[in-house]
Amino acid sequence: CVAFAEEYDLLSPDELAYNGGIYNCRFSPRNPWGAGTIAFVLTNNQVAMCCDWSAFDVGGSLYGSGCSIIGGRGEVNRIGVQMGIYPDGSPSTITNFLLSGFTLESNHTGIYIRGGYGVIAGLTVQGFNGAAPGGLNPQYGIRCNNESSQRVVFESLKVGGTWDIAALSV
């Protein structure tokens with residue numbers, strides 16, 4: 001499927017709760033890097049599998065329990081994947097998450113974890129000078145909030161390229 005986030009009903013958590021997930025989708029915003037644009041939202045036992053997303057303020061927003069992103073690619077977003085934050089930006093929690101088998105390229109921040117626990121395994125996060133939104137340099141590959149990110153397991157990751165602040169901040 002090809003989806004424009006502002007028009008695709010299955011992006012809402014209520015619809016996803018019924019359908020269980022998003023599969024084989026490509027997400028593109030009508031207004032690239034527009035403030036508040038989110039490619040998809042997952043909560044409570046929902047999955048995004050084999051999806052591509054680019055040019056959003058936030059690619060994937062995950063909160064609740066049991067969310068997974070498996071396979072796919074997120075590139076040139078302000079934040080590739082944010083976890084433990086409601087779509088409106090207020091703090092939430094995330095538990096038992098799984099991020100695996102996908103790539104994040106040239107996002108300002110590849111993965112931002114505000115709090116919670118889960119597994120990040122078998123994925124690649126790349127940063128290239130001048131390739132982040134607005135022609136800026138990527139800032140963070142993976143960034144964990146030290147106050148509330150607990151028991152996050154990192155396994156078999158490749159975080160490479162150029163980062164203005166840190167490839168991995170834990």
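Keep in mind that the model is predicted.

**The Phe-27 and Phe-40 pair**

- With ring centres 5.6 Å apart and planes at 40°, Phe-27 and Phe-40 make a tilted pair.
- Phe-27 belongs to strand S3 (residues 26-27) and Phe-40 to strand S4 (residues 38-43), so this pair ties together parts that are 13 residues apart in sequence.
- Both Phe-27 and Phe-40 are buried.

**The Tyr-63 and Tyr-86 pair**

- You'll find Tyr-63 in strand S6 (residues 58-65), while Tyr-86 is in the loop between strand S8 (79-83) and strand S9 (94-105), so the contact ties together parts 23 residues apart in sequence.
- Tyr-63 counts as buried because its relative accessibility is 14%, which falls under the 20% cut-off.
- Tyr-86 has 35% relative accessibility, so it counts as partly exposed.

**The cluster**

- Phe-27 and Phe-40 turn up again here: together with Trp-53 and Phe-102, they form one aromatic cluster.

**A charge over a ring**

- Arg-151 lies over the face of Tyr-117, and its distance from the ring centre is 4.8 Å.

Terms used:
Residues are numbered from 1 along each chain as its sequence is written. This is a predicted model: local features need pLDDT of at least 70, side-chain atom pairs count only at pLDDT 80 or more; totals for chains, interfaces and linings use all residues. Side-chain values use heavy atoms; hydrogens and water are left out. Rings of Phe, Tyr and Trp (its six-membered ring) pair if their centres lie within 6.5 Å; planes under 30 degrees apart count as stacked, over 60 as edge-to-face and the rest as tilted. Helices (H or I, at least four residues) and strands (E, at least two) are DSSP runs, numbered from the N terminus. Buried means under 20% relative accessible area, exposed over 50%, partly exposed in between (1.4 Å probe, protein chains only). A charge sits over a ring if NZ of Lys or CZ of Arg is within 6 Å of the ring centre and within 35 degrees of the ring normal.
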